[in-house]
Amino acid sequence: MYSEKVMEHFMNPRNVGEIPDADGVGTVGNPVCGDLMTMYIKVKDDKLADIKFKTFGCGAAIATSSMTTELAMGKTLEEAMKITRADVAENLGGLPPIKMHCSNLAADALHEAIKDYQKKKEAKK
Amino acid sequence: MDHGAGVPLNSRVFEAMKPYFMENYGNPSSSHSFGNSARNAIAASREKVAQLVTAEKSQEVIFTSGGTESNNLAIKGVAYRNREKGNHIITTAIEHISVINICKFLQKQGFEVSYVPVDKQGVVDLEKLEAAINDKTILISVMYANGEIGTIQPISEIGKLAQENNVIFHVDAVAAAGKVPINVKEENIDLLSISSNDMYGPKGVGALYIKTGTKVQPIIQGGGQERGLRSGTENIPGIVGMGEAAELARKEMKSEGERLTRLRDKLIKGVLDKIDYSFLNGHPTERLPDNANLRFSYIEGESLILGLDMHGVQVSSGSACTSKTLEPSHVLLAIGLAHEEAHGSLVFTMGKQNSEEDVDYVLEVLPDVVKRLRALSPLTPKEIVR
C-alpha cells in the first residue's frame, strides 16, 4: 500500500521528540479523527535551526511528519512556509489517495509552528 | 493472525471440489445421468451443512452465493413476505455491515428498525430487546458472534423471546459457524446465515437455514432452483466444497476449538501482563475461540499493523485509517469506546496455521512496537515513556 520511502520514514522517523524551549509550536489534527501532530521549532537568523515532532496516527501521518522536518531543516522561514502537502507526498514517492487528505497534515503543523513563532516575536516588540 | 479477513482453502476441500469442474459438469436440472450426479452431490452437501447447524431436515438448507446474500434473503425475504403482519424489525448496533445496510435499505421502503444497544463487553441488552418488541414486529435479527470483538450472544434466550412473541428469529452465524456448536432447534432459530469461506471452504458460496414453515419471499427470480428460494444454476463445485468444509469443521470443532482457545487466552493474558495500558475488547469468556481484540492507549491501529507487519505478523484493526470510509468500527463505538480508543484497537484472528510459537513470537515483538509508537505519540503521558 505504501511506497518504500514511506515505510523507511515510518520505521526510522527523523527528528522525533519535543523541544522544551521551542521558539514556536504548532499542533494540527485531532485524536478523534485518528491523526494528531505537534511540531516544535528553534529559529536562528530567520532560519529553522532545529525541528522536532510528535505524532499520533497512521503510517502516513508518521512518515509525512518525518519528511516535513527533513525538508524544512535549515530553510529560511519564508522557504519553509512554501512547503506544501504535495511537496511532502512527492518526496515520499507518493501517498495512497485516501491518505492525501486525512494524514498529510505535517506541512500545516510546521506552518502553524512558524506562525506561532512570528506571533510571539510580534508580541515582544 | 488475520484469519478473520480470509483463510486458505483446506486441501481436502479442494480435492473434493476438483471432479466437479471438468468431469462432473452436469446441470442438476437435467434429467440424464450427468444431472443425477450433480443432484446427488448437492444433496450430500446439504446434509453436511444441515448437520453442522443441527437442522432437523437437510431440505431446510438453501445454498446461496455467501453470507451477504444469505442475510439479504433472510431479512428482505421475511420483511417482504410478512409485511401485512407488520413492518417492524429488531436488530443490534453491532451487526455485520451487510445486515446494517439491508436494514437501512428497508427503512427507506417504510420499514421501521430498532437497533438494540449492547453492553461494554458487546452483549446485547436482553431487556431492551424485549422492550422493543411490539405488535408490528415481524423479525429479530441478531448475530451469533461478532467477528471483530469475538463476543458470543445469548442466542437461546433471544430465540425464546422471539418464540414467545411469535416473531421470526434470524441469526447471522457467518463468524461463528464451524467454530462453536450451533443447534438451530434448541436455540429456536428460524433462519441462520453461514458462509463457506470463513470455515476453510471456497469463496462465493454460503447457505441459509430456513426452518420449515418460515415465510420467506425469494429475492432472486428465475428458474426456481433451491425450492424456488434461490433461482440460478447451482454453483456445484462451490457447494461441494462448502459441504466438505462444513463436515471437516464439525469433526474438528472440539479439538480445534480447545486448541485455539488456549492460544487465544495465552495471547490475551500475555499482552495484558506485558503491556501497560492495554485492554481486551469484548467478553472475556463468551467469545469466539479464535478472536482476541486488544486495545492500546495513546497509539493508532494502522501504525501498529505496519509495525507488526515489519516483523512478519499480520493483523487487522478497528481504526478508521484502515477502512474505506475513514470511520472507526461501528462495533467498537457501540461498546462505548471513544473514537481515539477505537483507533488503537487490534484484531487477532487465529486459525489452523497458527501455533503456540506464533503467540510467543507476537508476545516477544509487540511490546517493542507499542513502546516505539508511544514514544512518538504526543498523547502518551511522560511517565509511561520509559
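## Starting at one edge

Let's begin where B:Ser278 meets its bridge partner in β9(B), B:Phe296. This is a predicted model, and in it β8(B) and β9(B) run antiparallel, joined by four bridges.

## The sheet as a whole

Zoom out and you get an open sheet of four strands in chain B, ordered β8-β9-β11-β10 and paired antiparallel. β8 (278-281) and β10 of chain B sit at the edges with a single partner strand each, so one side of each has no neighbour in the sheet.

## Around β11

On one flank, strand β9 (residues 291-296) of chain B runs antiparallel to β11(B), with five bridges joining them. Here B:Arg295 has B:Ser345 as its bridge partner in β11(B).

Strand β10 (residues 316-317) of chain B also pairs with β11(B) in the antiparallel sense, this time over two bridges. Look for B:Ser317, whose bridge partner in β11(B) is B:Leu346.

## Covered on both faces

Now for β11 itself. In a regular strand, side chains alternate between the two faces of the sheet. In β11(B), B:Ser345, B:Val347 and B:Thr349 lie on one side, B:Leu346 and B:Phe348 lie on the other, and all are buried, leaving both faces covered.

Terms used: Residues are numbered from 1 along each chain as its sequence is written. Chains are lettered from A and ligands numbered from 1 in the order in which they are written. This is a predicted model: local features need pLDDT of at least 70, side-chain atom pairs count only at pLDDT 80 or more; totals for chains, interfaces and linings use all residues. A residue is buried if 20 or more other C-beta atoms lie within 10 Å of its own, exposed if 12 or fewer, and partly exposed in between; C-beta atoms are placed from the backbone. Two strands pair if DSSP finds at least two bridges between them.
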